[in-house]
Number of protein chains: 2
Amino acid sequence: MHPDFLTATASTPRGDGVRDVTVSDHWNTPFGRPNGGYVLATMLRGMREELGLTEPLAASISYLTAAEPGVAAELTVTGLKLGRRVQTGQATLSQGGSPVAHLVASFGLRPPDGRAAQLRRPPQLPDPAACADPLQHGVPAVGIFERVEYRLADFPGWAAGRPSGDPRTELWQRLGDEPVTQWEALALMCDSFAPVALELGVGSSVTVQLTVHFFALPTSPWLATRLSTGRMADGFHDEDCELWDASGTLVAQSRQLAVELS
Amino acid sequence: MHPDFLTATASTPRGDGVRDVTVSDHWNTPFGRPNGGYVLATMLRGMREELGLTEPLAASISYLTAAEPGVAAELTVTGLKLGRRVQTGQATLSQGGSPVAHLVASFGLRPPDGRAAQLRRPPQLPDPAACADPLQHGVPAVGIFERVEYRLADFPGWAAGRPSGDPRTELWQRLGDEPVTQWEALALMCDSFAPVALELGVGSSVTVQLTVHFFALPTSPWLATRLSTGRMADGFHDEDCELWDASGTLVAQSRQLAVELS
């Protein structure tokens, strides 16, 4: 796992449910703001540590305003219900006294269970070595693009100024040479790439709400990633993300609603 | 719209962000507990009215414990960020001083926008008149089954004691003779039917977290409904729901994570 991930998502408990965070400026998008997946990972990790829990099941974040990179923040965590099977909490990240994002997440252990089913199949991508590295094709190695490695079977149409009209894509990504061992890294990777709605002519959009389901820690560093926008209308669009490991397991999935800015 | 929907989802403001609710016993599941979609609809409507907002965009509910039907409850609503484009609030429903469910929802007006896309197609179902009414096939007309009308092209395998192994189904549903005019009715209808994971041999499950995206008010009373469970493992499964109106518009979609009880 990229060592900066652990540093950048760390927070320090004050002992009263409030944790001190410095929002990193190493995980910015090209627009100069902290990536939403990074914000989610930081808040989720802080909640997990504050409540003494282990495995997240689901996390729903509402983005209230753009976080300021490189600036101190407060994470206020409260338990909503710490049940036997499932434990749920909420957290608010604030900067300068104003709320930046709000998270509700549920945690729980996964009992061994014989019943298993998987409806969808993993993306069929060429090997990462046979795919293009965006950094070799003019994408600047700054912010999140310096830290998450991507390999693309096809270059996005929007990147060449010709949106394809097809709001679907599949790509590889990894966060270091080893399989990630922190669930929060999966939250980051569900929201680490450019919105696939750019293929529909959207200029930029920001996430209103993002929900991640966590299924398993991956067995491989490279995760095959499937992105799609199912509906765009009236200034809003959704985006689904699936993360698959080399064993063919869907390790996490997410869905978000975003508002178009241009 | 079924007249009892407006009665059952009503709440009375006390003036301090707290609203009095009586959790109806008319919208129970066969297990004798209030349907989760009904609980969501009630909380969402209360939040919308308390904050003076109009159109929901996204709603994420965490179910903390089963609500008691026919019992008084308190809905505590707070605004998280009331922005120009998007307004977000949270609400907790409590009974007897204990939290039952927690909701975060975002609202906003939908500006006219020329860009529109829809990746998926509506279900191809026979006309409702050519489909089976479960009430004519031994399903008792009690609780939610008395109020939401269903029409099934195919009877579920699990209902005959033979789970099909295919966690997908499509069906019609409506809430009265006219198209629903309250967004909250769409929230209810996203979680009104039996879990499609029953086709995988699950005996019963309860929802941990449910997120609904609201796209449009429907033009028709009958909504074509598509349900699927994408992944089941380790005691948890997801469920996606799509609601389509007669004009071929995806009016709402939802995704939930549920924990298996048996």
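Let's start with one pair of residues: Q118(A) stands opposite R231(B), which sits in strand β12 of chain B. Keep in mind that this is a predicted model.

Now let's step back to the two chains. If you rotate by 180° with 0.0 Å of shift along the axis, chain A superposes on chain B with an RMSD of 0.0 Å. That is the relation of a two-fold axis. And 100% of the interface residues of chain A are also interface residues in chain B, so the copies meet through the same surface.

How many residues are in contact? On chain A there are 58, and they touch 59 of chain B. The area buried between the two chains is about 5,000 Å², and carbon and sulfur atoms give 58% of that. On the chain A side, the residues losing the most area to chain B are three arginines, R115(A), R231(A) and R255(A), together 15% of what that side buries.

For those of you who like charges, there are 4 salt bridges across this interface. One of them pairs E260(A) with R115(B), where the closest N and O atoms are 3.2 Å apart. Strand β14 of chain A, residues 250-260, gives the most to the side touching chain B, with 8 residues. That side of chain A divides into 23 nonpolar, 21 polar and 14 charged residues. Finally, between the chains we count 21 residue pairs in polar contact.

Thanks, everyone, and I'm happy to take questions!

Methods
Residues are numbered from 1 along each chain as its sequence is written. Chains are lettered from A and ligands numbered from 1 in the order in which they are written. This is a predicted model: local features need pLDDT of at least 70, side-chain atom pairs count only at pLDDT 80 or more; totals for chains, interfaces and linings use all residues. Side-chain values use heavy atoms; hydrogens and water are left out. Copies are superposed by least squares on the C-alpha atoms of residues with pLDDT of at least 70 in both. Contact means heavy atoms within 4.5 Å. Buried area is the accessible area (1.4 Å probe) that two parts lose on being put together, summed over both. A salt bridge is a side-chain nitrogen of Lys or Arg within 4 Å of a carboxyl oxygen of Asp or Glu. A polar contact is a pair of N or O atoms within 3.5 Å; within protein, one must be able to donate a hydrogen and the other to accept it, and residues adjacent in sequence count only if both atoms are side-chain atoms. Helices (H or I, at least four residues) and strands (E, at least two) are DSSP runs, numbered from the N terminus. Ala, Val, Leu, Ile, Met, Phe, Trp, Tyr, Cys and Pro count as nonpolar, Asp, Glu, Lys and Arg as charged, and the others, Gly among them, as polar. Two strands pair if DSSP finds at least two bridges between them.
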